[in-house]
Amino acid sequence: MSMDPGMEDAARRQTAPGLGAAAAQAARPLGLRVEGLQVRFGDFVAVEGLDLDIAPGESFGIVGESGSGKSTVLRAVCGLAPASRGRVALQAEPGDRSPAPAPGTMAFRRQVQMVFQDPYGSLHPRQTVDRILAEPLAIHGIGAAEQRIRGVLDAVGLGTGFRFRYPHQLSGGQRQRVAIARALILQPQVLLLDEPTSALDASVQAEVLNLLEQLRRERGLTFVMVSHDLAVVTHLCQRLVVMHQGRAVEFVDAADLAAARVQADYTRRLMRAAEGFRRDEQPAHPPPPAP
Ligand SMILES: Nc1ncnc2c1ncn2[C@@H]1O[C@H](COP(=O)(O)OP(=O)(O)OP(=O)(O)O)[C@@H](O)[C@H]1O
Ligand SMILES: [Mg+2]
């Protein structure tokens, strides 16, 4: 996530040498609460009246057709898109009474990290993996970079052999593992995943999804994952929201979606469209007529 250089300097001064800051923020499960979120771009309302209540450690999905506002929600949560109304907050577990970091603070940025769809576009082409991973640590004034970089490369299944490569020297799957490592290196509690595997080959997609699921379980992370692919979301998420034209149409448990126990016509249409797409790939079964 980017921030203006003045803030970076201020953050370095405040938290240097950093190890103390790291220790002070021991892992503490955090969920996410969004209330009445509205995002406008000029006169256009991209997200309207959205409420989300995501428990610490939950894996939550956002689905909907292209342009329905899914990415905008994630961007608003991490401060990359302007919220014109409503509020975003981290929420701790019920017994945990110490206040959660507030949006706009360095502590919030550290706890909420984003993984983008296109790992090539999101990694700087002239920076080595080492530099890409060292940067967030420097911004947040966190020491022990060597140890953390080695640890996170192992955690994403790359190992230190990849440390001094440039993005163009990596496969798409390896690049996305670097993007995940960059998101993880600050040891956040919440990962915002915007179509994290849709730019990858089907076989690599499965590997990266398995890696994400393993990391989530091991680290007790909270996921908010956007995907076009209902199969991916039902596999990885416990609950999801269906969005249409910037609004929540329906909240549904993944198991209910998988069993087609849904309420809204729009959700049914989305499911039929997904089935049509799968059948398109098998010419023996022509797609059903458009709804
Ligand atoms: N910075 C921006 N300025 C103006 N309009 C924007 C901006 N970002 C997004 N929008 C508009 O907001 C709407 C929602 O966009 P968003 O990227 O959130 O959709 P999405 O659901 O993620 O779609 P996709 O599945 O194609 O990624 C779109 O109509 C888009 O054109
Ligand atoms: Mg999007």
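1. Some housekeeping. Residues are numbered from 1 along each chain as its sequence is written, and chains are lettered from A and ligands numbered from 1 in the order in which they are written. As this is a predicted model, local features need pLDDT of at least 70 and side-chain atom pairs count only at pLDDT 80 or more, while totals for chains, interfaces and linings use all residues.

2. Let's begin with the ligand. Around ligand 1 you'll find Phe 41, Phe 44, Ala 46, Gly 64, Ser 66, Gly 67, Ser 68, Gly 69, Lys 70, Ser 71, Thr 72 and His 228 (a residue is near a molecule or strand if its C-beta atom, placed from the backbone, lies within 6 Å of it). Two elements give two or more residues to this shell, namely strand S2 (44–54) and helix H3 (70–77). H3 gives the most, with three residues. Helices (H or I, at least four residues) and strands (E, at least two) are DSSP runs, numbered from the N terminus.

3. What is the shell around ligand 1 made of, by class? Three of its residues are nonpolar, eight polar and one charged.

4. Axes here are lines fitted to C-alpha atoms, for helices over the stretch in contact, and angles run from 0 to 180 degrees between N-to-C directions.

5. Now for the pairings of S1. Strand S1 (residues 30–41) pairs with S4 in the antiparallel sense over seven bridges. Along that pairing, Glu 35 stands opposite Arg 87 in S4, and Gln 38 stands opposite Arg 85 in S4. S1 and S2 are antiparallel too, over seven bridges, and Arg 40 stands opposite Val 45 in S2. The hairpin of S1 and S2 has two residues between the strands, and Gly 42 takes a positive phi near 65° there.

6. There is also a six-stranded open sheet with mixed pairing, in the order S5-S6-S7-S3-S8-S9. Strand S5 (112–115) and strand S9 (247–253) stand at the edges with a single partner strand each, so one side of each is left without a neighbour in the sheet. The twist in this sheet averages 20° from one strand to the next. At the S9 end, strand S8 (residues 239–244) pairs with S9 in the antiparallel sense over six bridges, and the bridge partner of Val 241 in S9 is Phe 251.

7. On to the helices. Helix H6 (residues 129–139) packs on helix H8 (residues 172–184) at an angle of about 25°, with the axes 8 Å apart. That makes H6 roughly parallel to H8 (angles under 35 degrees count as roughly parallel, over 145 as roughly antiparallel, 65 to 115 as roughly perpendicular and the rest as oblique). The contact is made by Val 129, Ile 132, Leu 133 and Pro 136 of H6 and Val 178, Ala 181 and Arg 182 of H8. Residues are in contact if their C-beta atoms, placed from the backbone, lie within 7 Å. By class, the contact of H6 with H8 has six nonpolar, no polar and one charged residues.

8. How do H6 and helix H7 (residues 145–155) cross? Their axes come within 10 Å and cross at roughly 120°, and H6 and H7 are therefore oblique to each other. Asp 130, Leu 133, Ala 134 and Leu 137 in H6 meet Ala 145, Arg 148, Ile 149 and Val 152 in H7. This contact of H6 with H7 has six nonpolar, no polar and two charged residues.

9. Back to H8, which lies across S5 and strand S6 (190–194), running at about 170° to S5. The axes of H8 and helix H9 (residues 202–219) come within 10 Å and cross at roughly 20°, which makes H8 roughly parallel to H9. Gly 172, Gly 173, Gln 176 and Leu 184 of H8 make the contact with Val 204, Glu 207, Val 208 and Leu 215 of H9. By class, that gives four nonpolar, three polar and one charged residues.

Technical notes
Ala, Val, Leu, Ile, Met, Phe, Trp, Tyr, Cys and Pro count as nonpolar, Asp, Glu, Lys and Arg as charged, and the others, Gly among them, as polar. Two strands pair if DSSP finds at least two bridges between them. Two residues are in contact if their C-beta atoms, placed from the backbone, lie within 7 Å.
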